[in-house]
Amino acid sequence: MDILITGTASGIGRACAELFLERGHNVVGLDVAEASIEHERYRHLIADVRDRAALDAMLGDASLRLGPIGALVCCAGVAQQKLFQDITDEDWDRMFDINIKGVYRSIQAALPYLMKRERSCIVTFSSMWGQVGASCESHYAASKGAVIALTQSLAKELGPSGVRVNCVSPGTILTDMT
């Protein structure tokens, strides 16, 4: 099965790509930065989850070159620590544009390919802060809470079509982002 993963240049996305490769899957990684993963079953594409046209083009190209996509793993994300009163509109918009709208765009772009299979899956990454809130990270927590709500809704909507949708909400993990 070919697996598409966003955010593979570092952190959780990179770790997911490496694990799936280790288990024999073909992996297409999308990120705004180059990924230093060297493997014969890995293809890296430069794409920004904020750019729907680029996502559509990349997914079309990946599907033609590598075959049907069986899973989407949404790992692309950003974080920022700031007191609530210091968060600017630009901070808020960037957080939501990448953390939730990036998930929305990625799923919408991949869904036609996932629906071609009898069974496929989508995994989103949220955060424990999306469940319980976080001091000095309210915009991050709010965006990750939205990921959880979107995932729950899509699980109900897409499940009957054979597309499983689940969310992982890890705690603090030592990555470049944290």
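The structure is a predicted model in which local features need pLDDT of at least 70 and side-chain atom pairs count only at pLDDT 80 or more, whereas totals for chains, interfaces and linings use all residues. Residues are numbered from 1 along each chain as its sequence is written, and side-chain values use heavy atoms, with hydrogens and water left out.

The protein chain contains six helices and six strands, where helices (H or I, at least four residues) and strands (E, at least two) are DSSP runs numbered from the N terminus. Read along the sequence, these elements follow the pattern β-α-β-β-α-β-α-α-β-α-α-β. The radius of gyration, taken over C-alpha atoms, is compared here with a globule rule of 2.2 Å times the number of residues to the power 0.38. For the protein chain the radius is 16 Å, close to the 16 Å that the rule gives for 178 residues, so the chain is as compact as a globular protein of that length. Along the principal axes, its C-alpha atoms fill a box of roughly 50 × 40 × 30 Å.

The six strands form an open sheet with parallel pairing in the order β3-β2-β1-β4-β5-β6, two strands being paired if DSSP finds at least two bridges between them. At the edges are β3 (42-46) and β6 (163-168), each of which pairs on one side only. From one strand to the next, the twist averages 15°. Within the sheet, β1 (residues 2-6) pairs with β2 (residues 26-31) in the parallel sense over five bridges, and Ile5 stands opposite Gly29 in β2.

Helix α1 (residues 11-22) lies across β1, β2, β3, β4 (69-74) and β5 (120-125), and runs at about 165° to β1; angles run from 0 to 180 degrees between N-to-C directions, and axes are lines fitted to C-alpha atoms, for helices over the stretch in contact. Helix α6 also packs on the sheet, where it touches β5 and β6 and makes about 160° with the direction of β6.

Helix α4 (residues 101-114) packs against α6 (residues 138-158) at an angle of about 25°, with the two axes 11 Å apart. The two helices are therefore roughly parallel to each other, a term that applies to angles under 35 degrees. In their contact (heavy atoms within 4.5 Å), Val103, Tyr104, Ile107 and Leu111 of α4 meet Val147, Leu150, Leu154 and Leu158 of α6. By class, this contact has eight nonpolar, no polar and no charged residues, with Ala, Val, Leu, Ile, Met, Phe, Trp, Tyr, Cys and Pro counted as nonpolar, Asp, Glu, Lys and Arg as charged, and the others, Gly among them, as polar.

Note on methods. Parallel < 35°, antiparallel > 145°, perpendicular 65-115°, else oblique.
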